[in-house]
Amino acid sequence: MGGIKDIEELSVNTLNHLNFEKRKRIVRYAYENVPFYRYFYDSHQFNPKELLNEEDWNRIPVLTKQLLKVNTHKLINPTLPKSRFKSS
C-alpha cells in the first residue's frame, strides 16, 4: 500500500480501523515518551493499552486549554535533540 489509488480502494471499515490504529499509536507514543502525558493519564486512571476499540476512545482524559498553557514546557519529548526545535 503506498499510493492514493490503494487507499481509495479500501473499505470504510478498513479505513476506520487504520485511522483508529494511527490515533492509538499517537496516544501510546505520548504516554511512553512525554512525562506530562504519563502523569496526566495515570492521574486519571487511564492507560493507552486500554484502547481496544473505538468506544474506548471516550475514556481518554480531556486536556483543557489552561492545562496546556501552564504545562507547555512539559509537553515535549525530553529525548528529542534540542536542535529540532525553533526558539521563539
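Before you click on anything, one term: a residue is buried when its relative accessible area is under 20%, exposed when that is over 50%, and partly exposed in between, using a 1.4 Å probe and protein chains only. With that rule, 20% of the 88 residues of the protein count as buried.

Keep in mind that this is a predicted model, where local features need pLDDT of at least 70, side-chain atom pairs count only at pLDDT 80 or more, and totals for chains, interfaces and linings use all residues. Residues are numbered from 1 along each chain as its sequence is written, and side-chain values use heavy atoms, with hydrogens and water left out.

**Stop 1: the whole chain**

Start with a cartoon view. You'll find 4 helices and 0 strands, in the order α-α-α-α from the N terminus on. Those elements are DSSP runs numbered from the N terminus: helices are H or I with at least four residues, strands are E with at least two.

Now turn the model around. Its C-alpha atoms fill a box of roughly 45 × 35 × 20 Å along the principal axes. The radius of gyration is 16 Å, while a compact globule of 88 residues would be near 12 Å. That radius is taken over C-alpha atoms, and the globule rule is 2.2 Å times the number of residues to the power 0.38.

Next, contacts, meaning heavy atoms within 4.5 Å. Among contacts between residues at least 6 apart in sequence, 44% join residues at least 24 apart.

**Stop 2: colour by charge**

Colour Lys and Arg as positive and Asp and Glu as negative, leaving out His and the chain ends. There are 15 positive and 10 negative side chains, and the centres of the two sets lie 12 Å apart. Each charge is placed at NZ of Lys, CZ of Arg, CG of Asp or CD of Glu.

How many salt bridges are there? The count comes to 3, where a salt bridge is a side-chain nitrogen of Lys or Arg within 4 Å of a carboxyl oxygen of Asp or Glu.

**Stop 3: along helix α2**

Select Lys24 and Glu21, which form a salt bridge with their closest N and O atoms 3.4 Å apart. Both sit in helix α2 (residues 12–33), 3 residues apart, about one turn of the helix. Is Lys24 buried or exposed? Lys24 counts as buried, at 13% relative accessibility, whereas Glu21 counts as partly exposed at 22%.

**Stop 4: from helix to loop**

Pick Arg23 and Glu54. Their salt bridge has its closest N and O atoms 2.7 Å apart. Arg23 lies in helix α2 and Glu54 in the loop between α3 (35–43) and α4 (65–70), so the pair ties together parts that are 31 residues apart in sequence. Arg23 is partly exposed at 22% relative accessibility, and Glu54 is partly exposed too, at 38%.

**Stop 5: the loop between α3 and α4**

Select Leu51, which is in this loop. Leu51 is buried, with a relative accessible area of 0%. Which residues does Leu51 contact, leaving aside neighbours within four places in sequence? They are Phe20, Lys24, Val27, Phe46, Asp56, Trp57 and Ile60. For a distance check, Leu51 and Arg23 are 10.0 Å apart, C-alpha to C-alpha, and 28 residues apart in sequence.

Asp56 lies in the loop between α3 and α4 as well. Not counting residues up to four places away in sequence, Asp56 touches Glu50 and Leu51. Asp56 is buried yet has no salt bridge; the nearest side chain of opposite charge, Arg59, is 5.7 Å away.

Arg59 does have a salt bridge with Glu50, at 2.3 Å from N to O. Arg59 is partly exposed with a relative accessible area of 41%, and Glu50 is partly exposed with 32%.

**Last stop: Gln45**

Finish with Gln45, also placed in the loop between α3 and α4. Most residues other than glycine have a negative phi. Gln45 is not a glycine, but its phi is positive, about 50 degrees. At 62% relative accessibility, Gln45 counts as exposed.
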